[in-house]
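Take a look first, then work through the solutions one step at a time.

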Amino acid sequence: MKKMHSLLAAAVAISCMAAAAPAVAQSYPERPVTLIVPWPAGGGVDTMGRVSAEILRKSLGQSVVVENKGGAGGNIGTAIAAHARPDGYTLLMASTTPNAVNEHLYSRPGYDAQADFAPIALVGATPNILVVPANSPFKSVYELIAYATANPGKLTFGSGGIGSTQHLAGVRFMQAAKIDMLHVPYKGTAPAEADLMAGHVSVMLDTAPSIQLIAAGKLRALAVAAAKRTPVLPDVPTLDELGVPEVYITTWYGVMAPTGTPAEIIQRLNKDIVQALATPELRKKMAEMGADTVPGSPQDFGHFISSESERYKHIVKASGARLD
């Protein structure tokens, strides 16, 4: 009899939890939501994080607070998000490096990129762009390659850190162009760009923020590291067009939550983001940042992350980079 009572109690508890889930989703959110950006302010992930926060603020009717938790190539903030309470009040602005690259760079990044997160929505993706300072003597990729060929190791390329997309793009570019440059890693994209504009490093395969710096005349774009030209820089050729093949490095950005976050909340946030990405206003804003919108379901985003992780496993191995 005791066993039967225990089974009945368990059944009642499960049914109550199932009934409560829609109620939780309907009342969500009852307080401000935190969106963790695991990089310093001013970089590409931060920019997309603030765009995403504004989308959610409008749709949820609550404040969405962006918290920059930079360090360790995105691992610190990502680990904080991974171990947060899975109630929809802590979200992560995911991106290529911490969510597809770092598991191949670090033996213990502090989180499991696949198991610890529930994908919500892929917000956008932007190709890396080969840029030099505005006063650089290099007016073309051909000139840069010619100099690097004649002077191995003299040119430097900056990045947001070891294992960042800028770093891996630089490694892939050197392989394809058969040149040697010195890698100079920084603690984030913004300080790397500052030193690039000041001429302290020679070149960078940069991400989204470089679009504004190019438009402002502070950087010069030489090529796009993608299979096709980007609409925001229609006159800038791809590296493929210039005879430097298959340097395809895209930085993507999306919103995730800790595993265990109620499915109803995941679906609601996905719907809000996808609907916003379909508006002409936001599509125009994303295009100005050089980003393509990539709407889809949480499942689509999850499959995409898995494929990216597999692809970067091979790129990281080729780079020889390891952080432990």
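A polar contact is a pair of N or O atoms within 3.5 Å; within protein, one must be able to donate a hydrogen and the other to accept it, and residues adjacent in sequence count only if both atoms are side-chain atoms. This is a predicted model, where local features need pLDDT of at least 70, side-chain atom pairs count only at pLDDT 80 or more, and totals for chains, interfaces and linings use all residues. Residues are numbered from 1 along each chain as its sequence is written, and side-chain values use heavy atoms, leaving out hydrogens and water.

**Exercise 1.** Describe the interface of domain 1 and domain 2.

Step 1: get the bounds. Domain 1 covers 33-125 + 251-319 and domain 2 covers 127-242, with bounds that come from an automatic or database domain assignment. Their centres, taken over C-alpha atoms, are 25 Å apart.

Step 2: look at who touches whom. 22 residues of domain 1 are in contact with 21 residues of domain 2 (contact means heavy atoms within 4.5 Å).

Step 3: go for the area. About 1500 Å² is buried between the two domains, and carbon and sulfur atoms give 63% of that. Buried area here is the accessible area (1.4 Å probe) that two parts lose on being put together, summed over both.

Step 4: check the polar side. The rule finds two residue pairs in polar contact across this interface, both at pLDDT 80 or more.

Step 5: see what domain 1 brings. α4, β10, α10 (280-288) and α11 (298-319) each supply at least two residues to the side that touches domain 2, and α11 gives the most, with five. Helices (H or I, at least four residues) and strands (E, at least two) are DSSP runs, numbered from the N terminus.

**Exercise 2.** Is threonine 156 buried or exposed?

Step 1: threonine 156 counts as buried because its relative accessibility is 13%.

Step 2: beyond neighbours within four places in sequence, threonine 156 is in contact with Leu182, Val184, His200, Val201, Ser202 and Val203.

Methods. Buried < 20%, exposed > 50% of the residue type's maximum accessible area, 1.4 Å probe, protein only.
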